[in-house]
Amino acid sequence: MITGVPYRIGLACQVQTAGVGGQLVVLTLLSAGVGLGLVGWLTGLACAVVTCALLTLALRRSRARGLGPADRVTLARAVLVGGVTALVTDHLGEEPPAVVLVALASVALLLDAVDGQVARRTGTVSPLGARFDMEVDAFLILVLSVHVATSLDAWVPAIGAMRYVFVAATWVAPWLRSALPPSSARKTVAALQGIILVVAAAGVLPRPVTTVLVGLALTLLVWSFGRDIVWLWRNRRESAGPPETAPAASLALTPGTGTSSIKCPCAAGTPGAWPSHLP
C-alpha cells in the first residue's frame, strides 16, 4: 500500500503539473491566436483545476503510483476539452472561431481511440482509466451540444444532458446501475454523437440539414437509452445487489469505439461523481 504525505504531495504535483500546466499552454495559444477574454480564461482554468483535483483524489483512493501512459493521453484530451469549453463560454451569444473549436474537438475525439489502445498495449487497463475516459467524453458532448444549441435550437443540449439525467436517476432507481451486455449498436450511437455535433459546430451544412442530423443523433440516443432501460427493468431481479459499475447505457454518450471504457465494460463508468465510487 502506498501512503504518506510525500506520496500525496508527489501525486498531486504530478497531476497538477500535467493538467493545469497543459491547460495554461492551450489557453495561452488560444489567447494569442484568436483572442480569449477573462471568462474564457477563468472557465478553462476552472475545468483544469476541478479535473485535476478529482483525478488526484481518485488516484489516491485506487492506490495508484501515478498517471499511466493511457491516463496521460486522456488528460491531454481533457486539456483540449477545457480549451473547447473556454472558447464556447467566452463567445456566448456569438460565434466562436469555428475552425479552432472544430480542430480542438476533433483531435479530442480522435484521441479517444488512442488512450484505450495505449492502455491495452502497455497492460495498464484499469477501472479508473476507463472512468476518467468516459467522463471526458461525456463533458465534451455536453459542451458541444450547448454550443450547437446557440445556433440551432434549445432542444440540442438534451444530447449532452441525457447521460447526467440518467446518472441522477440511478440514485432513485438503483437497478439502473447494473451492467448491460455489450452492444455494437450502442457503440455506433456513441460514436455518432460526437461526429454529428462537430459537423454541426463547423457550420458547413445548410441549417435544415444540420437540424435533421442533430435531431437524428438525439433520436438514436433516446432509442439507445430506452432500449437499455427496458432491458435493465426486465432483468432487475437478477441483478439484485449490483456491483458499483455504471450501466453500459451511459456509454451511449461516449464518442468513439476504441476507448478503454468500452473495452473494459466492468468499469465503464460509475454513477455519480466518479471519485466517490472508486476503490
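Helices (H or I, at least four residues) and strands (E, at least two) are DSSP runs, numbered from the N terminus. On that basis the protein chain has 10 helices and zero strands, and from the N terminus on its elements run α-α-α-α-α-α-α-α-α-α.

This is a predicted model, in which local features need pLDDT of at least 70, side-chain atom pairs count only at pLDDT 80 or more, and totals for chains, interfaces and linings use all residues. Residues are numbered from 1 along each chain as its sequence is written, and side-chain values use heavy atoms, with hydrogens and water left out.

**Confidence**

The predictor's confidence in each residue is given as pLDDT, from 0 to 100. Its mean over the protein chain is 80, and 80% of the residues reach 70 or more. Where pLDDT is low, the predicted coordinates should not be read in detail.

**Burial and surface**

Accessible areas come from the Shrake-Rupley method with a 1.4 Å probe, and for residues only the protein chains shown count as cover. Buried means under 20% relative accessible area, exposed over 50%, and partly exposed in between (1.4 Å probe, protein chains only). Of the 279 residues, 50% count as buried. The chain exposes about 12,100 Å², of which carbon and sulfur atoms supply 69%.

Leu 36 is found in the loop between α1 (5–33) and α2 (38–61). With a relative accessible area of 11%, Leu 36 is buried. Beyond four places in sequence, Leu 36 touches residues including Leu 27, Trp 41, Ala 86 and Asp 90. Leu 36 and Asp 90 are 54 residues apart in sequence, with 6.8 Å between their C-alpha atoms.

**Salt bridges**

A salt bridge is a side-chain nitrogen of Lys or Arg within 4 Å of a carboxyl oxygen of Asp or Glu. The count comes to eight salt bridges, among them the following.

| Pair | N to O distance |
|---|---|
| Arg 77 and Asp 133 | 2.8 Å |
| Arg 131 and Glu 135 | 2.8 Å |
| Arg 186 and Asp 228 | 2.8 Å |

Arg 186 lies in helix α8 and Asp 228 in helix α9, so this pair ties together parts that are 42 residues apart in sequence. Arg 186 is buried at 5% relative accessible area, and Asp 228 is buried at 2%.

Asp 133 forms its salt bridge with Arg 77, linking helix α6 (residues 127–149) to helix α3 (residues 69–90) across 56 residues. Asp 133 is buried at 0% relative accessibility, and Arg 77 is buried at 0%. A network of salt bridges links Arg 77, Asp 112, Asp 115, Asp 133 and Asp 137.

Arg 131 and Glu 135 both lie in helix α6, four residues apart, about one turn of the helix. Arg 131 counts as buried at 0% relative accessibility, and Glu 135 is buried at 12%.

Methods
Contact means heavy atoms within 4.5 Å.
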